[in-house]
Amino acid sequence: MRAETRRQLKTDRFSKATIQAAEQTVHWTVEHRNKIYVAALVIVIVVSAVLGGWYYLLRQDERASVDLSKAVTTMDTPVRPAGTPAQPEYPSFASAKERDTEAHKQFQAIVNNYPHTR
């Protein structure tokens, strides 16, 4: 019986302390309800802004990568021999200067359109 009484006393102290802490937490929460709502709203806005910015930059990187691939393909496009007509199904350029000019335009467009990409 003595062991039960000791256990009961320990349990009672623990449960009283736990209940008291819970009551204080509830009381504090009720007192600061508006501040908690504002803080939660600010956190949601900040997290949304960070995720939105991350998504935007990710999409910009993808678009820049696609445009870079097109520019590199243009740079690697063959130059057809003089006097050979252009074939619509196979892109080619009449001279290396023409090809380089077109590739430069595409590279410059990438730099202008995607200044914050890696």
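This report describes a predicted model of a single chain, from its overall form down to individual residues.

## Confidence of the model

The chain has a mean pLDDT of 87, and 91% of its residues reach 70 or more.

## Overall form

The chain contains 3 helices and 0 strands, and its pattern, read along the sequence, is α-α-α. Its radius of gyration is 34 Å, well over the 13 Å that the globule rule gives for 118 residues, so the chain is more spread out than a compact globule. The C-alpha trace spans about 110 × 35 × 20 Å along its principal axes.

Of the 118 residues, 11% count as buried. Among the contacts in the chain with a separation of 6 or more, 55% are accounted for by residues 24 or more positions apart.

Arg59 and Ala21 are 38 residues apart in sequence, with their C-alpha atoms 48 Å apart, while Val79 and Gln20, at 59 residues apart in sequence, have C-alpha atoms 84 Å apart.

## Helix H2

Helix H2 has 43 residues, which at 1.5 Å a residue should span 63 Å, and the 62 Å between its end C-alpha atoms agrees with that expectation. The buried residues in H2 are Gln60, Asp61, Ala64, Ala71 and Thr74, and what covers them includes helix H3.

The side chain of Arg59 makes a polar contact of 2.7 Å with the side chain of Glu62.

## Helix H3 and its two faces

Helix H3 runs over residues 96-113. Its 18 residues reach 26 Å from the first C-alpha to the last, close to the 26 Å expected at 1.5 Å a residue. Arg99, Ala103 and Ile110 are the buried residues of H3. They cover an arc of only 25° around the axis, which puts them on the same side of H3. In general, an α-helix has 3.6 residues a turn, so residues three or four places apart point the same way.

The buried residues of H3 pack against H2. The face of H3 turned away from this buried side carries the exposed residues Lys97, His104, Lys105, Val111 and Asn112.

## Thr74 and its contacts

Thr74 is in helix H2, and with a relative accessibility of 11% it counts as buried, because that value is under 20%. Leaving out residues up to four places away in sequence, Thr74 touches Phe93, Arg99, Glu102, Ala103 and Gln106. With Gln106 there is also a polar contact, of 2.9 Å, between the two side chains. Arg99 and Ala103, which are included among the residues that Thr74 touches, are themselves buried residues of H3.

## The loop between H2 and H3

Val79 lies in the loop between H2 and H3, where its relative accessible area of 35% makes it partly exposed. Once its neighbours within four places in sequence are set aside, Val79 is in contact with Phe93, Ala94, Ser95, Ala96 and Arg99. Phe93 and Arg99 are included both in this set and in the set of residues touched by Thr74.

Glu89 is found in the loop between H2 and H3 as well, but its relative accessible area of 55% makes it exposed, because that value is over 50%. Glu89 and Gly52 are 37 residues apart in sequence, and their C-alpha atoms are 41 Å apart in space.

Definitions and conventions:
Residues are numbered from 1 along each chain as its sequence is written. This is a predicted model: local features need pLDDT of at least 70, side-chain atom pairs count only at pLDDT 80 or more; totals for chains, interfaces and linings use all residues. Side-chain values use heavy atoms; hydrogens and water are left out. pLDDT is the predictor's confidence in each residue, from 0 to 100. Helices (H or I, at least four residues) and strands (E, at least two) are DSSP runs, numbered from the N terminus. Buried means under 20% relative accessible area, exposed over 50%, partly exposed in between (1.4 Å probe, protein chains only). Contact means heavy atoms within 4.5 Å. A polar contact is a pair of N or O atoms within 3.5 Å; within protein, one must be able to donate a hydrogen and the other to accept it, and residues adjacent in sequence count only if both atoms are side-chain atoms. The expected span of a helix is 1.5 Å times one less than its number of residues. The arc is that of the directions from the helix axis to the C-beta atoms. The radius of gyration is taken over C-alpha atoms; the globule rule is 2.2 Å times the number of residues to the power 0.38.
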